[in-house]
Amino acid sequence: MGFPEYRPRRLRRNENLRRLLRETTPGVDDLIMPLFVRHGSGVRKEIESMPGQYQLSPDTLVEKVARIAQARIPAVILFGIPGHKDAEGSEAYSDDGVVQQSIRAVKEAKIDVLVIADVCLCGYTEHGHCGIVVDGEVDNDRTLEYLAKSALSFARAGADVVAPSDMMDGRVQAVREALDESGFTGVPIMSYAAKFASAFYGPFRDAAESSPKFGDRRSYQMDPSNSDEAMREIALDIAEGADIVMVKPALPYLDVIRRAREEFRHPLAAYCVSGEYAMIKAAARNGWLDEKGAVMEMTAGIKRAGADMILTYWAEDIAKWLKQG
Ligand code: PBG
């Protein structure tokens, strides 16, 4: 059947028809809000390259998380800016670390929200790499024990989910073993399984103060050109025990999200990263595009590609916009 019998425009004539026909609708249930926390109290320091996002201290974080929970967003993910950085990233696994303190504070306030802890060393090491550096290179196997210690320390503080983002080989298995040995069999792992070496992480590195002091991350994060390799990474993480796998960034990798959905049918997250946030914000601030329209469109696109959940700095705005209809 073709024109003139079939007229696709018939079903687009008004908003009620369009609502009935809509195939993909991102909902508040799909959202995870990333937050940055540093030591101190009363801190609310705007991140220059991410307008509208802040470094918070544990007390202001608790207030923020309470508002996020009130908006019915199911989860936050925490990134820490330590008081002190060293070669072995010791605050990442100190029970007094800023993220550990923050998790306890959110839990003590009995806020009904999942607290996910990002597990990585880059924010905690003085060289800014995601692992332990030996002879100028990030040593995979030595790094595993530190990541496992960090995940365990977050679980002890009360983290509901741990999320290794370092891209070391074997880290999901190392984290799973460490959690299980200490009785945290119920704490899921969300692994950054297909994490690409992306220019879009730039603003995050300002926010988390985690830029590498030498070299770059291309010896552990993935080459942006590779999607077969992304499937191998995801398969490995699932085999090692990842409960949720992630593709990151989101927009330049919608094809990878779609492939992962079809090949694995495993719970799948996508991270709409700092650079994706910054570029839309900058354009919107210049009056070059409409922020709400652009964000809702890209969020629908990430969902349509196959993500079950989306980590996004717009989580609170999206929740508000969804309510407005
Ligand atoms: C660190 C980490 C990064 C992000 C999340 N965890 C950045 C990096 O690898 O430098 C990026 C998040 C974003 O850009 O929003 N392991």
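## Cavities and the ligand site

Three cavities of 30 Å³ or more occur in this structure, a cavity being a set of points, on a 1 Å grid over the protein atoms alone, where a 1.4 Å probe fits but cannot get out. This is a predicted model, where local features need pLDDT of at least 70, side-chain atom pairs count only at pLDDT 80 or more, and totals for chains, interfaces and linings use all residues. Residues are numbered from 1 along each chain as its sequence is written, and side-chain values use heavy atoms, with hydrogens and water left out.

**Largest cavity**
- The largest cavity holds about 210 Å³ of space, a volume being the space filled by probe spheres set on the grid points.
- Its lining (residues with an atom within 4 Å of a point) has 22 residues, with Phe79, Asp118, Cys122, Ser165 and Phe204 nearest the centre.
- β4 gives the most to this lining of the largest cavity, with three residues.

**Ligand**
- The ligand sits in the largest cavity, meaning that more than half of its atoms lie within 2 Å of the cavity's grid points.
- Among the 17 residues around the ligand (a heavy atom within 4 Å), Arg205, Gln221, Lys248, Ser274 and Tyr313 come nearest.
- Ligand oxygen atoms lie 2.5 Å from a side-chain N or O atom of Arg205 and 2.7 Å from one of Gln221.

**Second largest cavity**
- Here the second largest cavity has about 50 Å³ of space.
- Residues lining the second largest cavity include Met33, Phe36, Tyr54 and Lys64.

Methods. Polar contact = N/O pair within 3.5 Å; in protein donor to acceptor, adjacent residues only side chain to side chain. 1 Å grid on protein atoms, 1.4 Å probe; cavity = no way out; pocket = protein on both sides within 12 Å on 5 of 7 lines; lining within 4 Å. Helix = DSSP H or I, 4+ residues; strand = E, 2+ residues; numbered from the N terminus.
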